[in-house]
Amino acid sequence: MSSLPVLTSPNAELRIVSTDFSPEEITQPETKTLVKDLIETMRVEIGIGIAAPQIGVHKRLIIVDVGNNQPQAFFNPKITSKSFTKVDSEEGCLSVPGTFGMVKRHRSVTVTALTPQGASQTFRADGLMAIVFQHEIDHLDGVLFIDKVTKYTTHPKL
Ligand code: ZN
């Protein structure tokens, strides 16, 4: 496994809408390698989420660290319902280094996705996890958090 360079804004590749995986593709060895590379890249860059288009792969795959350093892969993730209530979220992005800002996000979302084994799963995400899923799924549609910023902030460098 290897850490790969992360594309940074304004690279036009970050604006491409990614395509779904077929069930067969998900279990292929190349896909397993892609998942490992994304996880390694996320670790090196100290992120809690990463989307395949950030390394130039325009396929609907995101990695989310669901807590305690447990990165999980979600294929073809879709938000199937969202809370009416929104929260203010201060965000940054590996693809927009050094920039932070406030974004309105739904407080909770229901996500349907396929597991690395190709099984369908549906779950509810709240709090930080709700925000991470909304941010990462936006990447699959070519959307960056800076498109939604209501106010830029300064943030101590990690
Ligand atoms: Zn991002």
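Predicted model: local features only at pLDDT ≥ 70, side-chain atom pairs only at ≥ 80, totals over all residues.
Colleague: Which protein residues are the donors of the zinc ion?
Modeller: The donors lie 2.1 to 2.3 Å from the zinc ion. Along the chain they follow the spacing C-x41-H-x3-H. The protein donors are Cys 93 (SG), His 135 (NE2) and His 139 (NE2).

Colleague: How many residues apart in sequence are the parts that Cys 93 and His 139 tie together?
Modeller: Both residues are protein donors of the zinc ion. Cys 93 belongs to strand S4 (residues 86-93), whereas His 139 belongs to helix H3 (residues 127-140), so the pair joins parts that are 46 residues apart in sequence.

Colleague: Is His 139 buried or exposed?
Modeller: A residue counts as buried when its relative accessible area is under 20%. Cys 93, another donor of the zinc ion, has a value of 12% and is buried. For His 139 the relative accessible area is 2%, so this residue is buried.

Colleague: What kind of ring pair do Phe 74 and Phe 133 form?
Modeller: A search of the whole structure finds four aromatic pairs. In the pair of Phe 74 and Phe 133, the ring centres are 5.0 Å apart and the planes stand at 80°. Planes over 60 degrees apart count as edge-to-face. The pair is therefore edge-to-face.

Colleague: Which residues do ring pairs link into a cluster?
Modeller: Phe 74 lies in strand S3 (residues 71-82) and Phe 133 in helix H3, so their pair ties together parts that are 59 residues apart in sequence. Both Phe 74 and Phe 133 are buried. The cluster linked by ring pairs consists of Phe 74, Phe 123 and Phe 133.

Colleague: Which residue has its charged end over the ring of Phe 21?
Modeller: Phe 21 is found in the segment before H1 and, at 6% relative accessibility, counts as buried. Its contacts beyond four places in sequence include Ile 26, Leu 34, Lys 59 and Phe 75. The charged end located over the ring, 4.8 Å from the ring centre, is that of Lys 59.

Colleague: What is the N to O distance in the salt bridge of Asp 88 and Lys 104?
Modeller: The structure has a count of eight salt bridges. In one of them, Asp 88 comes from strand S4 and Lys 104 from strand S5 (residues 96-106), so the pair ties together parts that are 16 residues apart in sequence. Lys 104 counts as partly exposed, at 46% relative accessibility. Between the side chains of Asp 88 and Lys 104, the N to O distance is 3.0 Å.

Colleague: Which residues are linked in a network of salt bridges?
Modeller: Glu 91 and Arg 105 meet in a salt bridge at 2.8 Å, N to O. Glu 91 lies in strand S4 and Arg 105 in strand S5, so this pair ties together parts that are 14 residues apart in sequence. Arg 105 also meets Asp 138 in a salt bridge, at 3.0 Å, N to O. The network links Glu 91, Arg 105, Asp 138 and Lys 148.

Colleague: Which residues does Asp 138 touch, not counting residues up to four places away in sequence?
Modeller: Asp 138 lies in helix H3 and is buried, with a relative accessible area of 12%. Its salt-bridge partner Arg 105 is buried as well, with a relative accessible area of 2%. With residues up to four places away left aside, Asp 138 touches Arg 105, Val 143 and Lys 148.

Colleague: How far apart are the end C-alpha atoms of helix H2?
Modeller: Helix H2 (residues 29-44) has 16 residues. At 1.5 Å a residue, the helix should span 22 Å.

Colleague: What covers the buried residues of H2?
Modeller: The buried residues of H2 include Thr 31, Leu 34, Leu 38 and Met 42. Just after the helix, Ile 46 takes a positive phi of about 55°. Among the elements that cover the buried residues of H2 are helix H1 (23-26), strand S1 (49-51), strand S2 (61-65) and S3.

Conventions. Residues numbered from 1 in each chain as written. Heavy atoms only, no water. Donors = N, O, S within 2.8 Å, 3.2 Å for Na, K, Ca; no water. Helix = DSSP H or I, 4+ residues; strand = E, 2+ residues; numbered from the N terminus. Buried < 20%, exposed > 50% of the residue type's maximum accessible area, 1.4 Å probe, protein only. Phe/Tyr/Trp six-rings, centres within 6.5 Å; stacked < 30°, edge-to-face > 60°. Lys NZ or Arg CZ within 6 Å of the ring centre and 35° of its normal. Salt bridge = Lys/Arg side-chain N within 4 Å of Asp/Glu carboxyl O. Expected span 1.5 Å × (residues − 1). Contact = heavy atoms within 4.5 Å.
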